[in-house]
Structure formats: C-alpha cells, structure tokens
Amino acid sequence: MSSPAAAESAPAGAAAEPKNDAEDLIKSTFEVSVTLADQQADPNSPLYSAKTFEELGLHDDLLKGIYDMGFTKPSKIQERALPLLLSNPPQNMIGQSQSGTGKTAAFVLTMLSRVDYSINKPQALCLAPSRELARQIMSVVVAMGKFTAVQTEYAIKESLPRDAKNVTAHIIVGTPGTMTDLIRRKVIDVSEVKVFVLDEADNMLDKDGLGEQTLRVKNMLPKNRTVQIVLFSATFPDHVRNFANKFAPNANKIELQRNELSVDNIRQFYMDCKNEEHKYEVLVSLYHLLTIGQSIIFCQHRHTADRISQRMTAEGHKVASLHGAKDATERDAIIDGFREGKNKVLITTNVIARGIDIMQVNMVVNYDLPLLNERDNHGSKGDFRPDIETYIHRIGRTGRFGRKGISVNFVHDKATWQQMEEIERATGKQIIRIETTDLDTMEEQMKKALK
Ligand SMILES: Nc1ncnc2c1ncn2[C@@H]1O[C@H](COP(=O)(O)OP(=O)(O)OP(=O)(O)O)[C@@H](O)[C@H]1O
C-alpha cells in the first residue's frame with residue numbers, strides 16, 4: 001500500500017490554533033475560537049445530528065476507526081446519507097452538503113462497509129479532481145479503516161511503477177486519467193468493483209472539465225453486476241445535475257437550496273484595488289494578517305502564482321506556490337509542508353480550490369476572481385462571467401467543520417467589480433468592503449469574524 005504522507009490533517013474536533021511567529025506578534029494575537037460543540041447542538045447547523053454513529057448501522061471496526069479520529073457525533077450529511085448508502089440492495093446516491101461538513105466520511109465509510117476483505121481484488125473505486133485531494137481522501141480511508149484489513153492503492157501519476165501488474169488492493173483512490181490508464185492496461189481488474197464514488201462530482205462530470213474521462217472509467221466497469229454509484233459535492237449546477245441523474249440513475253438525493261450553498265461561518269470581504277500592481281502591494285501589506293493562522297491565495301494563472309511567490313520571497317516573506325505545472329513529487333512536498341504548517345501562506349490556482357481540508361486555514365484571498373473561461377478545457381475565452389461554483393469551493397477552504405474563516409476578494413476595475421456583484425447575487429451572501437489602506441479595520445474585522 002502506498003501510504004499517504006498527507007494523513008495529517010488536524011484531528012477532527014481539534015482547535016485550529018494560530019501559532020504566531022515572533023515576527024507576526026504585532027498586536028494581532030487573538031485566538032481563533034472553535035464553536036464545534038455549539039454548532040453540533042444547533043439543529044439548523046449542517047453539523048447537527050439527532051443520531052449517534054452507532055445508530056447508523058456501521059460495523060464495530062469502523063466505529064472504532066471513527067472514534068479514534070476524534071469524531072463524537074455524525075454531521076447532518078453523515079446522519080442522512082449513511083443509512084441510505086448502506087441499505088441493501090445498494091442504491092445510487094447524489095449527495096450535496098456545504099464545504100467542510102463531512103461528506104468524505106460518508107463515502108469513505110460506504111466503501112469500507114461494502115468491501116469483502118476476504119477477496120483480494122479492487123472493490124471500490126473513488127475519483128477526485130486532483131492528486132492532492134486523492135491523497136487526502138486516502139488518508140481518511142486509512143484512518144477510518146485502521147481497525148479493518150483494508151488494502152489500498154493510489155491511481156495517481158507516478159504512484160505505481162510502470163511495470164506494475166495486477167493491483168490486489170480493495171479500495172483504489174485516484175484521478176480519472178491515471179485510473180483509466182490502469183484499468184485499460186489491466187493493472188486494475190474491475191470485475192469485482194461494487195462501489196464507484198465521485199468526490200467533487202459536479203466537476204468530475206462537467207463535460208468542460210473531467211466529464212469525458214470520468215465517463216470512460218464508468219464505461220469500463222462490469223455490466224453484469226450492480227455497481228453502486230455515489231456522487232458527492234457542495235455544488236451541483238443545473239447543467240451538470242441532468243447528467244448526474246443519468247450517470248447515477250434512480251439515486252437517492254440530498255440537495256441544498258441555492259441560498260444554503262455556503263456556510264455562514266465564513267465572513268466575506270472585498271478590497272477595491274487601483275490596478276494589478278496595487279493588488280500585489282495590498283497582498284504584501286496583508287502579510288502579517290495572512291500568517292496569523294494559515295492562508296490560501298488563489299490566482300487565475302500558474303505564472304501569476306509563481307510570479308507573486310517569487311517576488312514575495314525575494315522581499316523576505318515566507319510563502320509557497322503550488323499548481324499543476326509542478327511535478328508530482330514537488331506538489332506532494334508543497335502540500336504536505338503546508339499541512340504541517342511549515343509554510344503559512346500558499347499561493348495557488350484552482351488546482352486546490354476543491355476538497356482540500358486544512359483546519360488551520362482561516363483566510364482565503366481571491367487575488368483573481370474565478371472566471372468560467374478558466375475552467376479546464378472551457379471553450380469560450382471571451383466568457384468573463386464569474387465561476388460561482390469555483391468561488392464557493394475556494395472560500396470553503398476555510399471555515400471547516402464549524403470553524404470560522406474569512407475570505408477577501410481583490411477587485412481592481414469595473415469588470416472585476418461586476419463579477420463580484422454577480423457572485424454576491426448568486427450566493428445571496430453579503431460581501432463587505434474594506435479600504436485597502438485601512439489595515440486596522442481589516443484586523444478589527446478579522447478579529448470579529450474569527451472570534
Ligand atoms: N462527525 C464529525 N465529527 C467531527 N469532525 C468531523 C466529522 N465529520 C467530518 N469531520 C471533519 O470535518 C472536516 C471536513 O470534512 P470533509 O473534508 O469531509 O468535508 P467536505 O464536506 O468533504 O468538504 P468539501 O466540500 O470542501 O470537500 C474534516 O477535517 C473532518 O475530519
């Protein structure tokens with residue numbers, strides 16, 4: 001089994017404690033409070049559950065794994081989805097719940113529950129849009145399956161030697177291109193597969209994204225047996241939902257309303273910058289706030305992420321950059337380093353907009369707003385409409401499982417201002433202005449938002 005180095009997301013229930021470096025000890029030494037217990041008692045919270053894990057019909061070995069991870073009660077999505085996912089005969093599922101509310105455990109426990117551990121063949125396949133997310137999901141499979149005999153394998157670039165033959169692991173987690181390649185070359189035998197999971201399913205099914213590759217994997221699955229298809233995401237835009245219904249026919253569905261798409265514990269701000277260069281200056285001026293906890297800065301292009309990080313590094317700031325043009329080993333080292341808190345500021349692209357779960361991240365900056373024409377393979381270069389789904393996923397990198405977080409959008413001209421207004425309209429959540437010169441107010445707002 002390839003053991004994930006990324007198994008170290010902060011234990012659930014643990015406080016995201018900002019460790020201030022001496023240099024950051026300006027006056028902003030406020031603590032980030034954790035409202036997990038309250039959230040789990042509030043019946044309107046997506047974290048609330050009336051049930052216990054025992055009542056959800058899980059095997060004792062899995063209960064041990066769950067408690068070992070520090071979970072005490074299921075979240076709402078876990079409470080609602082698990083009985084449907086585990087019932088027999090197996091039924092498909094299209095499940096939606098806000099970022100950071102525990103969807104991973106729902107599908108991981110399904111895979112672990114459905115595996116027959118006496119058969120040494122792949123029985124559950126799980127696809128995610130990035131290697132970083134595949135590695136993180138694997139870390140949850142390994143942690144939750146700690147008291148089972150589960151064997152796991154990755155289907156991500158460079159995970160297996162070129163001459164690898166016949167994977168015998170029960171659960172395979174990967175990205176669609178590599179999964180397709182391994183099934184085609186018969187390294188992965190799918191004859192015993194009974195569960196097929198898509199995390200970030202709207203992205204995995206979007207014909208302008210990974211849809212074709214995902215469909216290829218599905219078409220290679222056995223036709224002579226029922227494969228339970230499980231789709232999860234925080235967002236399911238209409239154009240993908242229709243395809244999702246065909247991809248997972250007769251599925252049980254758990255859906256969110258449009259105005260419920262993001263959690264309320266993320267406070268959203270914007271800063272009106274004068275131009276591109278001013279955006280850079282404002283980002284640098286925020287550095288001490290970015291490093292109170294940890295921050296993720298999202299840019300439009302890889303070269304912007306590199307340029308900003310090189311410039312900030314040259315000016316004496318400690319930042320890292322991550323994007324899809326870096327090689328696999330480097331990507332793994334960067335995200336692992338960030339998880340471990342070696343770097344507090346990560347400058348990146350949409351590659352980690354989805355799924356990545358790092359409790360200590362309390363600030364997300366949209367250096368560039370996400371646009372539809374930047375989605376993978378998206379056709380129209382002239383489409384400058386904001387990409388609402390990606391926005392929701394990006395800001396969802398903070399405010400995980402009841403923690404508080406803030407997001408800041410940089411706007412710098414009429415077009416970006418209008419894009420942000422459209423995001424505000426579409427999500428129904430207010431985005432508050434902060435003057436770029438007014439760092440005291442920014443700090444005040446941050447204190448208020450994070451307390
Ligand atoms: N029942 C629980 N009790 C305590 N912590 C939990 C519970 N379920 C999940 N968590 C923790 O909450 C965090 C968020 O969970 P997860 O990553 O599964 O969210 P998600 O819904 O998949 O989010 P996203 O849409 O961003 O992918 C994780 O750190 C996880 O360990």
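1. The protein chain of this predicted model holds 16 helices and 14 strands. Of its 451 residues, 51% count as buried. Among contacts between residues at least 6 apart in sequence, 78% join residues at least 24 apart.

2. Seven strands form an open sheet in the order β3-β4-β2-β5-β6-β1-β7, and the pairing is parallel. The edges are taken by β3 (152–155) and β7 (252–254); each has a single partner strand, so one side of each lacks a neighbour in the sheet. From one strand to the next the twist averages 15°.

3. Strands of a sheet pair through backbone hydrogen bonds, in either a parallel or an antiparallel manner.

4. Helix α15 covers residues 414–427, 14 residues in total. From first C-alpha to last, α15 reaches 20 Å, close to the 20 Å expected at 1.5 Å a residue. Just after α15, Gly428 takes a positive phi of about 70°.

5. Which residues of α15 are buried? They are Thr416, Gln419, Met420 and Ile423. Viewed down the axis of α15, these buried residues fall within an arc of 95°, so they line one face of the helix. An α-helix has 3.6 residues a turn, so residues three or four places apart point the same way. Lys414 and Arg425, on the other side of α15, are exposed.

6. The cover over the buried residues of α15 includes the helix α14 (388–395) and the strands β8 (266–272), β13 (405–411) and β14 (431–433).

Technical notes. Residues are numbered from 1 along each chain as its sequence is written. This is a predicted model: local features need pLDDT of at least 70, side-chain atom pairs count only at pLDDT 80 or more; totals for chains, interfaces and linings use all residues. Two strands pair if DSSP finds at least two bridges between them. Helices (H or I, at least four residues) and strands (E, at least two) are DSSP runs, numbered from the N terminus. Axes are lines fitted to C-alpha atoms, for helices over the stretch in contact, and angles run from 0 to 180 degrees between N-to-C directions. A residue is buried if 20 or more other C-beta atoms lie within 10 Å of its own, exposed if 12 or fewer, and partly exposed in between; C-beta atoms are placed from the backbone. Two residues are in contact if their C-beta atoms, placed from the backbone, lie within 7 Å. The expected span of a helix is 1.5 Å times one less than its number of residues. The arc is that of the directions from the helix axis to the C-beta atoms.
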